[in-house]
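Here's a quick tour of a protein model and its metal sites. Have a look at the sequence and coordinates, then read on.

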Amino acid sequence: MKNHEIAALFERIANVLELKGENAFRINSYRKAARILGDVTEDIEVLAREGKLKDIPGIGEGMAEKIMEYIHTGKMSKYDEVMKEISEETITLMQIPGLGPKTVAMLNKKLGIVSLSDLEKALQEGKLKGLFGMGDKKIQNIMRGIELFKTSQQRIPIGMAYPVVKGIIEVLKHHSQTRDIQSAGSLRRMKETVGDIDILATGTHGEDIVKSFVTMRGVTQILAAGDTKGSVRVEEGVQVDLRVVREDEFGSALQYFTGSKEHNVHLREIAKKKGYKISEYGIFKDNKKIGGSREEEIYKVLGMDWIPPELRENKGEIEAAQEGKLPNLIKLSDIKGDLHNHSDWSDGNSTFEEMAKRAMDMGYRYLVVSDHSQSLHVANGLREEELLEEIEEIDNLNKKLKGFTLLKATEVDIMADGSIDFPDKLLEKLDVVIASIHSGFKQEKKKITERMIAAIRNPYVNIIAHPTGRLIGKREGYEIDLDKVMEACVETGTALELNCYYDRLDLNDSNCKKAKETGVMIAISTDAHHVDQMWMIELGVGIARRGWLEAKNVINTFLLHDLKAFCKKKRAAI
Ligand code: DGT
Ligand code: CA
Ligand code: CA
Ligand code: ZN
């Protein structure tokens, strides 16, 4: 899919226009087009072929033409024209979190900075200090932004890697020579970003499987293609390694290549003490192989329970497995509904009917419709009377649905002073209230913490969405005292969200674990803006498992009755 490629071109055009101080309206139209393309889940080439580009809300005639041109010629003349006047290095500078076009323009004018290395040198020499708007805090932000940028260049979000792997496994699974195939590495552990993708297979005629692998759709470069190993680069920019191993080594290879390295090192020490040797080829006693076809054998011989991949980070899981005290981790099938979704009433792209249908197909019992509130103009937030209309529509639709319920909700903005964007008497009419921060990210830690706690103390607020505001590889999020926030949640019976949208995954794994230890309930929600994004619940469940969460820690494992009771209890208590 070229969706993200074209979105990136539009984003770059917007940045350069802004750098040059051009008309804000034009700049915004490119930025908006970039955001929309990033959200569209259908393949843009398919939409173009079917002449449906202009049906995408927000894509006008001019943008559609530019997209067509790029699809047909691999070039966009507007992009080339804009780029002529600017170096690739300056473009790179603008991608660094905390460094917008305006700052780059200023740094260029005052210090002649045009590249990342110029900037790093100027930082080292302390030259930014004293420039307009360059306080200590801003300078620190820029330095952190550079770090963030450098790591994001090497890793991709799991939400991009996950569908790639699913696709590859789906194709190779049906290859006549394949016996078994599984992902390994950080992807199997469901880490929020992956460096490269590791896949293991077993079967006869390894070279045939490897050949199918390296000639698959989406492969942009073949790095290696042998009898037992293939290595390629795919459209998403990530490297994928496939290893074909012997059947009696599949378990030990899977264990080895799943990692993490730290987990494996610890496991090997334990093996050694007990007189065993483990490797990707099996588990051995006095050079005699005693297991290796299944992963479970290795853990069993070492005297412990099999450890779910998401826990394998050497963070206490080995000790827990030895004592038979591993958590009973939440599973995808425990999820009874998705608690955060946007419809076409605000900035989503699906109707209630489409959302309900997809939710039922996924086996859910309920789905929350949570459109934005009035102050969030960029996301087409609903006015009070529109929310009332929405409530009525949902009530009408619910009468037609059997064994399934759409829940009435809002994602209401927490204003800069901690007040809530809708009055209590309106919130009272809803089943679920989600509150979140979408503005004022730069407030001090104390202020923003108090602001969120004020929202938590509102009797109608049930869930705080994307609690830290971070965007993976793009934005660190606001500073907030999560310990204090969690205490307030426990006290009031408010849940924190684990937002599954692939660039958020917020709360992250370690904060989920902290929430569990503190006694905070979690809501695992996709924040989908289209039904084709609802699958991301799988990412959230993965992160939840990395955070040691069990079904009982998560409110959307509850049956409808219990979920409603959870929400109502807070109103009654306060
Ligand atoms: P990534 O790709 O950076 O997101 O992280 P991983 O964990 O997928 O790491 P990768 O692809 O380098 O290696 C896959 C697994 O192979 C890793 O999790 C554990 C195993 N492995 C790789 N190198 C070593 C090593 O030097 N020692 C041990 N014990 N295991 C290793
Ligand atoms: Ca890897
Ligand atoms: Ca690898
Ligand atoms: Zn949302």
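## Contacts and overall build

Of the contacts in the protein chain with a separation of 6 or more, 69% are between residues 24 or more positions apart; a contact here means heavy atoms within 4.5 Å. Keep in mind that this is a predicted model, where local features need pLDDT of at least 70, side-chain atom pairs count only at pLDDT 80 or more, and totals for chains, interfaces and linings use all residues. On bookkeeping, residues are numbered from 1 along each chain as its sequence is written, chains are lettered from A and ligands numbered from 1 in the order in which they are written, and side-chain values use heavy atoms, leaving out hydrogens and water.

The protein chain has 24 helices and 17 strands, taken as DSSP runs (H or I, at least four residues, for helices; E, at least two, for strands). Its radius of gyration is 25 Å, close to the 25 Å that the globule rule gives for 574 residues, so the chain is as compact as a globular protein of that length. That radius is taken over C-alpha atoms, and the rule is 2.2 Å times the number of residues to the power 0.38. Along the principal axes, the C-alpha atoms fill a box of roughly 70 × 65 × 55 Å.

## Surface and burial

Buried residues make up 53% of the 574 in the protein chain. Buried means under 20% relative accessible area, exposed over 50%, and partly exposed in between (1.4 Å probe, protein chains only). The accessible surface comes to about 26,400 Å², with 50% of it belonging to carbon and sulfur atoms; the areas come from the Shrake-Rupley method with a 1.4 Å probe.

## The calcium pair

Which residue bridges the calcium ion (ligand 2) and the calcium ion (ligand 3)? Asp 196 does, and the two ions lie 3.7 Å apart. Asp 196 is partly exposed, at 27% relative accessible area, whereas Asp 198 counts as buried at 12%.

Donors are N, O and S atoms within 2.8 Å of the metal (3.2 Å for Na, K and Ca), and water is not among the atoms, so sites may look incomplete. Ligand 3 has Asp 196 (OD), Asp 196 (OD) and Asp 198 (OD) as its protein donors, at 2.3 to 2.7 Å.
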